[in-house]
Amino acid sequence: MIDDAIRVLAGDCTVITEGTDREEYRGRMTTVVKPDNTVLVHDSDGYQPVAWLTRADSVSSDRSDGFTLLAKKDTQTLRIAAHEQDGFAHYPVSAAGPRIGTCPDCSGALVRSRGVHCVDCGERYGVPSDATIRHDGHNCDCGLPRMRVERGLAFNVCLDRDCESLDEAVSEAFDREWDCPEPDCDGDLRILRRGGLIAGCEHYPDCDTGFAMPTGVIDGECACGLPTFETRSGTRCLDATCDRAQARALEGEGEGDPEAVSDD
């Protein structure tokens, strides 16, 4: 279930900010406390808050007599005291984003924002930042949309990694496909997850060679023997420190005859 909420406090208030300087305000203001403990105090003028504290370390409130609020961050303090209360409420919120489908569990809207989540039931799915959500109606058998992710090949897998695993798909395609490039090592590169997907030597820790799997598809072989990937920024070797892939690409561009004339 969604457990994040925005707190809204409105009324005739005194607001005191203390830090490098001390400032005090009095008027009818509305205070918004976001789930990350950011506090914004608004009046009727302009778009900028009268006072604010971004991602406070602590926020406490007391409604025993009107309402008071105290927010602290390092040496900064924001105090709010209501002389007359107009309103105090909690409203459930979630991250917002483009709609990408329908939740198979509750029929709520699935939206993408730092992953994919359901607006109604709050179910969340981690999605690589470079993934493209498919909108062609070819959903997984579980009812969720599929995503297209490039890791050497273009993989189309379910949003739910417990249903279809991107790791398993990449491993099936590339596990032990490449030799460890270290001259004194006879190991193969295995597909492993170490924070992200890597191609790492099977003889670890004796050999600590490992490369992050790039975002892109394999388009050839580098002069060092490892595969090259076509990425959004150009051709690169599996070994991001290798400059031979780019040199080879530049050589290929110079192989054409500048005097040749097309018959087309």
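Contact here means heavy atoms within 4.5 Å. With that cut-off, and leaving aside neighbours within four places in sequence, Arg151 is in contact with Pro128, Asp130, Val170, Phe174, Met213, Pro214, Thr215 and Gly216. The model is a predicted one, in which local features need pLDDT of at least 70 and side-chain atom pairs count only at pLDDT 80 or more, while totals for chains, interfaces and linings use all residues. Residues are numbered from 1 along each chain as its sequence is written, and side-chain values use heavy atoms, with hydrogens and water left out.

At 11% relative accessibility, Arg151 counts as buried, where buried means under 20% relative accessible area, exposed means over 50%, and partly exposed covers what lies in between (1.4 Å probe, protein chains only). Its side chain has two of its listed neighbours as polar partners: Asp130 at 2.8 Å and Thr215 at 3.4 Å. A polar contact is a pair of N or O atoms within 3.5 Å; within protein, one must be able to donate a hydrogen and the other to accept it, and residues adjacent in sequence count only if both atoms are side-chain atoms. As for Phe174, it is 23 residues away from Arg151 along the chain, and the two C-alpha atoms are separated by 9.7 Å.

Now for the wider layout. The domain assignment gives domain 1 (5-92), domain 2 (99-171) and domain 3 (172-253), with bounds that come from an automatic or database domain assignment. Between the C-alpha centres of domain 1 and domain 3 there are 53 Å. UniProt, in an unreviewed entry, lists residues 5-85 as "domain: Endonuclease NucS N-terminal PH-like"; UniProt positions are given in the numbering used here, feature names are shortened, and annotations may be inferred rather than shown by experiment. That stretch, residues 5-85, is 0% helix and 67% strand, and its end C-alpha atoms are 20 Å apart.

Charged pairs come next. The structure holds 14 salt bridges, each being a side-chain nitrogen of Lys or Arg within 4 Å of a carboxyl oxygen of Asp or Glu. One of them joins Arg28 and Glu84, at 3.1 Å from N to O. This pair links distant parts of the chain, with Arg28 in strand β2 (residues 22-33) and Glu84 in strand β7 (residues 76-92), 56 residues apart. Both partners are partly exposed: Arg28 has a relative accessible area of 48%, and Glu84 has 42%.

Another salt bridge pairs Arg55 with Asp36, at 3.4 Å from N to O. Arg55 lies in the loop between β4 (51-53) and β5 (58-62) and Asp36 in the loop between β2 and β3 (39-42), so the bridge ties together parts that are 19 residues apart in sequence. Asp36 is partly exposed, with a relative accessible area of 33%, whereas Arg55 counts as exposed at 56%. Salt bridges that share partners also join Glu18, Arg22, Glu24 and Arg79 into one network. Within it, the closest N and O atoms of Arg22 and Glu18 are 3.7 Å apart, and Glu18 is partly exposed at 30% relative accessible area.

Finally, the peptide bond from Tyr204 to Pro205 is cis, with omega near 10 degrees. Pro205 is found in the loop between β16 (196-201) and β17 (210-212).

Notes
Helices (H or I, at least four residues) and strands (E, at least two) are DSSP runs, numbered from the N terminus.
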